Amino acid sequence: MEKDDQRNFLVAIVLTFVLLIGYEQFFAGPQRKAQQEAKARAQTEQQVADASPTAPVVIRSRDEIVADDTAADRRVTIEAPDVDGSISLKGARIDDLSLKNFYQTVEAKQAKDKSAEVQLLSPEATNRAFYAVVNWVGGAGLPDENSLWTRTNTGRLTPDNPLKLNWTSNGVSVDRTISIDDHYMFTVNDTVTNTGSEAISAQPVVVMRQNQQPELLKPLPGAHAGVLGVYNSKTNQTKKFKDLAKSASGSAKNEVNVPVEKGWIALTTKYWMAAAIPEQGAPVTMRASARNLNGRVVFQAGFTDSTYTLAPGQSVEKSFRIFAGAKRVEVLDAYQKAGVPDFTEAVDWGWLFFITKPFFWMLKFFQGWLGSFGLAILATTVVVKAVLFPVNMQSYSAMSRMRKLMPEQKAIQERFAADKARQQQEIMNLYKREKVNPLSGCLPMIPILLVSIALYQTLMGTIEMRHTPFYGWIDDMSAPDPTTIFNLFGLLPFDPSQIPLIGGFLKIGAWPIMYGVTMFALQGMSAPVTDPTQKMIMRFLPLIFLFLFSGVAAGLAIYWTWSNLITIAQQYYIMRKNGVETEFDLFLNKYIFKKKQAPAE
């Protein structure tokens, strides 16, 4: 390989690594900038949307709406092990739901502040409206989204006490039972009876609606946000919120309109999801779009069932399920085993799903065994490094042989400094004579790189790291390291991250610094670079990574640092086994062992 080709190849490897590992942080930018961009996109979507044909909704607080409805006896309380909230009798809407054990902030979690629980669903007249409703269309007398249902039993909605409702009008009677399990699944059972003297048509429609918020259009690291579904055998069908929003201005190609007989559809963010699940095997049409409703752009997703013709006295029974909760893999897996197809695909496993899924279950195993998700990350890294050790040995052995030839290669470069062609020829003869392939150390790195990307996706795409502490100062492994070197890790009373424009790059905590140090140490295990351009790139690479990854989740910084330490130990062992001195050995000989030998001289 020519000298210029070697340089270009190394630069390409470095750039590829930076793009793959640092993609989200590099393009996401500081949090303030991302929020401003998301707000601007939301305003643009609103400007191009059609004017609402109805009067705007008067925005009120969730607490005010719930209090007024409760006082008027138009709301039923929900109390289940994993959720609480209420159901509105207006449209029998599931529109008020908070997730127990999940909080808005780490501080709220530590204080177990119930008022700060994650509120997933919220009534229509709130600023953050998000609700699910089941109604019937096709004929007069059928209940719509605004119909006021009558309750036929008492008590709260609990796993042991389903909510029973009735809607009766001239010629139609609908009996509805809404039940909830111990986690996040609602089941709606409807019996529609034609009590009139003429045949009627009735079609069930299940829809979830969510107001467009700026953060919904914001890219999220390691996860999909938008419409997600399983349509027949097509799993993990996705459409981003920002693309779906274009359908509010008439772009039909950005809508979802798919006939299916098996599957589900959801509105989802990184950690939370509301999904509509029809009876499996029954033909339905999955739908998703954005519409201008009541003066606001609203995302909606759900399905329409078949149309049923009911003769006088005839009834039809239908059952639907609505999931509203956290994307906990073990819970999704239980629902999948109970008949919801591919429900664990609600988690964004990435394109390396065949690796990320086993990694997740390994992490859960170690978490159950060690009692800590942080320790589970460390243990999983040890297992992965042990499994990949034969691949690492091949790569590191090749690097060791290259390092061993560096003195001879340098001598050839000095001898033929004026004749570059002869220089390259002699170097290639040296490689051929010593049976060394310069590329043999690079190719084994590809599976190692894929594994690193997969573990990154596993940690970022699942909910297990959210608000999970590690030892010391890390209270939330899903958030960046809260310390920074620019205020001496908290000793100085100011926050450098609040400085305009550059604050996002000054949040360099202790764990990112440790990661940069291990990157620098890893360079000392590799063959020295003689080309000035390559040498300059390699010298600044740890510093670039330090700033690039300063804002990543602390759990990732911990994983990368620990992984580097294991790699250093493995590479040192292999290089010493091959009789090669590393930069670490040279450092010891120069600054430690030499001083000990000084008196003897």
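These are my notebook entries on a few spots I looked up in this structure.

**Ground rules.** I'm working with a predicted model, where local features need pLDDT of at least 70, side-chain atom pairs count only at pLDDT 80 or more, and totals for chains, interfaces and linings use all residues. Residues are numbered from 1 along each chain as its sequence is written, and side-chain values use heavy atoms, with hydrogens and water left out.

**Sheet.** I started with an open sheet of nine strands, ordered β6-β7-β8-β9-β19-β15-β14-β11-β12 and paired antiparallel. Its edge strands are β6 (150-151) and β12 (234-240), each pairing on one side only. I noted that strands here are DSSP runs of E, at least two residues, and helices are runs of H or I, at least four, numbered from the N terminus. Two strands pair if DSSP finds at least two bridges between them. Between β7 (residues 163-169) and β8 (residues 172-180) I found seven bridges. Trp 167 stands opposite Val 174 in β8.

**Salt bridges.** I counted a salt bridge when a side-chain nitrogen of Lys or Arg is within 4 Å of a carboxyl oxygen of Asp or Glu. That rule gives 24 salt bridges. Arg 176 forms one with Asp 190, with the closest N and O atoms 2.7 Å apart. Arg 176 lies in strand β8 and Asp 190 in strand β9 (residues 185-194), so the pair ties together parts that are 14 residues apart in sequence. Both Arg 176 and Asp 190 are buried; buried means under 20% relative accessible area, exposed over 50%, and partly exposed in between (1.4 Å probe, protein chains only).

Next I checked Asp 333 and Lys 337, whose side chains meet in a salt bridge (3.2 Å, N to O). They are four residues apart in helix α7 (residues 329-337), so about one helical turn separates them. Asp 333 counts as buried at 16% relative accessibility, whereas Lys 337 is exposed at 68%.

I also looked at Arg 75 and Asp 69, which meet in a salt bridge at 3.0 Å, N to O. Arg 75 and Asp 69 are buried. A network of salt bridges links Asp 69, Arg 74, Arg 75 and Asp 95.

**Ile 377.** I found Ile 377 in helix α9 (residues 373-387), buried with a relative accessible area of 2%. Leaving aside neighbours within four places in sequence, its contacts (heavy atoms within 4.5 Å) include Leu 363, Leu 459 and Tyr 559. Ile 377 and Leu 459 are 82 residues apart in sequence and 8.8 Å apart in space, C-alpha to C-alpha.
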